[in-house]
Amino acid sequence: MAFYRPARWQKPVAVVVLAALLALPSLLEILDQGYYIGFATRVLIFALAASSLNLVLGFGGMVSLGHAAFFGVGAYVAAICHQAGINEGLLVLPLAMAVAGLFALAVGAVSLRTRGVYFIMITLAFAQMTYYLFVSASMWGGDDGLPIYERMHLAGISLAGDDALFFATLGALTASMLLFSRLAQARFGRTIQAIRENETRMEALGYPVFRYRLICFALGGAVAGLAGALLANLTGLASPNLLQWTQSGTLLVMVIIGGVGYLWGGVVGAVVLLLLEEVLLAWFDHWHIALGLLLLAVVLFAPKGVAALFGKRHD
Amino acid sequence: MTQLFLEQALNGLQFGLMLFLLAAGLTLVFGIMDCINLAHGSLYMVGAYFVAAAAQAADSFWLGLGAGIAGTAVLGLLLELSLFRQLYRRDHLAQVLATFALILIANETVRLVWGPAPLLLNPPEALAGPVEIAGFFYPAYRLVIIAFGLAVAGLLYLLVAKSRVGMWVRAGASNREMTEALGINVRGLFTAVFVFGAALCALAGGLLGPLLAVQVGMGESVLILAFVVIIIGGIGSIRGALVGALIVGTVDTLGRALLPTLLRALLPADAAATLGPALASILIYLLMAGILFFKPQGLFPARA
């Protein structure tokens, strides 16, 4: 896999897409399809979560099967804040990022001692532990999860309206994608990509490989926590299901469909998968069969993901 | 107290042996072919469904078990030839994605064919009652499961440690390229191992069917446990799978049965009520993380 370099068309396309998304709520209102604004917010949230996994997986080369743990922890931080009467987003969202990030730091500090398959499995084990902890935590609703009756405020502006939450999510996604784009080209991004390519060599050159990996892993966890906090506000519930390993699998599938290590891989994957779900579910109850066949087709015929089908690689 | 402990220890042994049936196939597929098969749990589920359906049709548990195992083996053969062959040379990510897709397809297809309600599978009538051992009563059927598990473990030991095919399997697990270079038909060996693993899945699914519900999603939870087992034991090692399965089975069963009581003696009642079940369900994952921390290759690494 080659180093990430932004394509020339990337900036204009991103600006056009952003403009279109800014106009989306008004457009849906005109078309009288207000229901879809919630769906669009969900897609953006999963785009954020999948992009955070892409940072860990695509750029850092760490195949984590436990990313949903950080996603779910972020959701629970938002719900617990709500339970404690804290509804200011400027406090809740950074707190969700900090808690998820610190948790990822701890998990990474143990997991990153292992390699390959063992790493996949130990991240999975940590996610399962977190899942069972929340399932049996009766003060946080146990199996049923912890509800959020009223969405948070952001600098005093209520996010109770669907449009407001959509714009807040769009803001979070835009900021994160800008950060990831800058990061991938910065010294840090170069270093973690080089570690992905040849760990031994980077070690020999004197880079603190373990520390770089750990920071990348924790940063991915923090952004996943942000996505989780937003999702809990959208659905009004922090549920243990968010931490289940199938959720980690779904996030992985999104990144792989979109294209591992492409800046937009996570976003493309989330959009494709959730749109497919919405469309297929409308005419086929057992849409998972269709989805499964499609995933198999992607593995066998488009191994580099959908993002790779459009034009050549960035390099 | 000792009776409870003995009974739970037997339950743990029984659970561990069933985990071993699943883990044995998984660790070989994993170790020799370096292929992550998340769909191994789906083979277990499909196997249990095949056994239950065949047992209902034939009105005999043992006939159903035989037919179910044969059917799952055929399914495994078809899967290996059509899909897994292409996956061996791909990276772990592609394998995770493809087998995750298989889980989706398997779960939905089962739901389509048999409906969402669990299927009923009755143990053979002769074994329905309890028997008395050392002063307490224990279900006869569970004893039969233990006997089956021990027999398969012994058979596998003979097969892997003493036979020529077993030698190839061990050689393949420790160094695949070298084995190929020595002229062993590794492709055929892969197919045979995969089909054998599928048959063991169906055996475990069919035997556990009367104890647990035969339902959609039964494969996923057990798959994670099987992975924990082979990680603890060391990937590719049958001996490791047996030791790992017995550790996980006993620790999990005894933890669930005894930890709440134990905690109640040490902690205030409400704290023990929350902490007990939580600690019991994460115990094996703590164990796995701990073992990986000190022995990153598991207890019995095949590639020593």
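This report walks through a predicted model of two protein chains, from their overall build to a few local details.

Residues are numbered from 1 along each chain as its sequence is written, while chains are lettered from A and ligands numbered from 1 in the order in which they are written. Because the model is predicted, local features need pLDDT of at least 70 and side-chain atom pairs count only at pLDDT 80 or more, whereas totals for chains, interfaces and linings use all residues.

**The two chains**

Let's start with the overall build. Helices (DSSP runs of H or I, at least four residues) and strands (runs of E, at least two) are numbered from the N terminus. Chain A has twelve helices and four strands; chain B has eleven helices and two strands. Along the sequence of chain B, the order is α-α-α-α-β-β-α-α-α-α-α-α-α.

A residue is buried if 20 or more other C-beta atoms lie within 10 Å of its own, exposed if 12 or fewer, and partly exposed in between, with C-beta atoms placed from the backbone. Here are the chains side by side:

| Chain | Residues | Buried | Extent along principal axes |
|---|---|---|---|
| Chain A | 315 residues | 50% | about 55 × 45 × 40 Å |
| Chain B | 304 residues | 51% | roughly 60 × 50 × 35 Å |

The radius of gyration is taken over C-alpha atoms, and the globule rule is 2.2 Å times the number of residues to the power 0.38. For chain A a compact globule would come out near 20 Å, and its 19 Å agrees. For chain B the rule gives a value near 19 Å, and the 20 Å of the chain agrees too.

The expected span of a helix is 1.5 Å times one less than its number of residues. Helix 2 (residues 36-59) of chain A reaches 33 Å, close to the expected 34 Å. This helix has a kink of about 30 degrees centred on A:Leu53, where the bend is the angle between axes fitted to the seven residues ending there and the seven starting there. Because 18 of its 24 residues are buried, helix 2 of chain A is largely enclosed by the rest of the structure. Just after this helix, A:Gly61 has a positive phi of about 70 degrees.

Helix 5 (residues 116-136) of chain A spans 31 Å, close to the 30 Å expected. Of its 21 residues, 17 are buried.

**Where the chains meet**

Two residues are in contact if their C-beta atoms, placed from the backbone, lie within 7 Å. By that rule, 36 residues of chain B are in contact with 37 residues of chain A. Which helix of chain B gives the most to the side that touches chain A? That is helix 4, with 16 residues.

Most residues other than glycine have a negative phi. A:Ala155, however, has a positive phi of about 50 degrees, and sits in the loop between strand 2 (153-154) and strand 3 (157-158) of chain A. With 7 C-beta neighbours inside 10 Å, A:Ala155 counts as exposed. In chain B, B:Asp59 has a positive phi near 60 degrees and lies in the loop between helix 2 (40-58) and helix 3 (61-87). B:Asp59 is exposed as well, with 8 other C-beta atoms within 10 Å.
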